[in-house]
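Hi there,

Here is the structure I promised to pass on. Have a look at it first, and then read my notes below.

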Amino acid sequence: MSILGNIIWFLTGGFIAGLGWLVLGCLWCITIIGIPIGIQCFKFAGLSFFPFGKHVEYDDGLGSIILNIFWVLLVGIEMSLFHLIIGAILCCTVIGIPFGLQHFKIAKLAFLPFGTGVF
């Protein structure tokens with residue numbers, strides 16, 4: 001089921017979203033200061049290309065907590081709200097529920113990306 005979901009996701013916007021995150025990650029990695037943010041963009045790209053069958057795991061650490069605070073204050077809230085709203089809209093239909101759940105997964109990563117792993 002995850003293969004079919006990933007194919008449909010990829011064809012209906014996952015390719016464009018993942019490509020955008022890849023380009024953004026490469027731009028952030030040009031500077032030394034932007035490398036941590038670029039790495040997070042690459043996490044988003046991997047999840048945006050093929051989200052079905054993947055899960056997000058959190059690790060605790062002081063460095064990731066500090067970086068997550070800055071992330072939430074700068075862009076985390078807006079990105080999470082965007083994916084939560086899209087996920088809620090998609091969950092209004094039976095066909096859209098699996099895709100809405102994937103948006104909820106991306107919203108979880110968008111809120112606290114540092115110290116997480118996508119497996």
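**Aromatic rings and a serine**

F10 is partly exposed, with 25% relative accessible area. Please keep in mind that this is a predicted model.

I began with the aromatic side chains, and the structure holds 11 aromatic pairs. One of them joins F10 and F15: the ring centres are 5.4 Å apart and the planes stand at 65 degrees, so this pair is edge-to-face. The cut-off that matters here is an angle over 60 degrees. Like F10, with its 25%, F15 falls into the partly exposed class, at a relative accessible area of 40%.

Another pair is formed by F49 and F50. Their ring centres lie 6.3 Å apart with the planes at 40 degrees, so the pair counts as tilted. F49 has a relative accessibility of 15% and is therefore buried, since the limit for that class is under 20%. F50 is partly exposed, at 37%. Ring pairs also tie F10, F15, F49 and F50 into a cluster.

Next, a residue from helix 2, which runs over residues 35–49: S48. Is S48 buried or exposed? With a relative accessible area of 4%, S48 is buried. And which residues does S48 touch, once its neighbours within four places in sequence are left aside? Its contacts are then W9, G14, A17, G18 and W21.

I hope this helps you find your way around the model. Do write back with any questions!

Best wishes

How values were computed: Residues numbered from 1 in each chain as written. Predicted model: local features only at pLDDT ≥ 70, side-chain atom pairs only at ≥ 80, totals over all residues. Heavy atoms only, no water. Phe/Tyr/Trp six-rings, centres within 6.5 Å; stacked < 30°, edge-to-face > 60°. Buried < 20%, exposed > 50% of the residue type's maximum accessible area, 1.4 Å probe, protein only. Helix = DSSP H or I, 4+ residues; strand = E, 2+ residues; numbered from the N terminus. Contact = heavy atoms within 4.5 Å.
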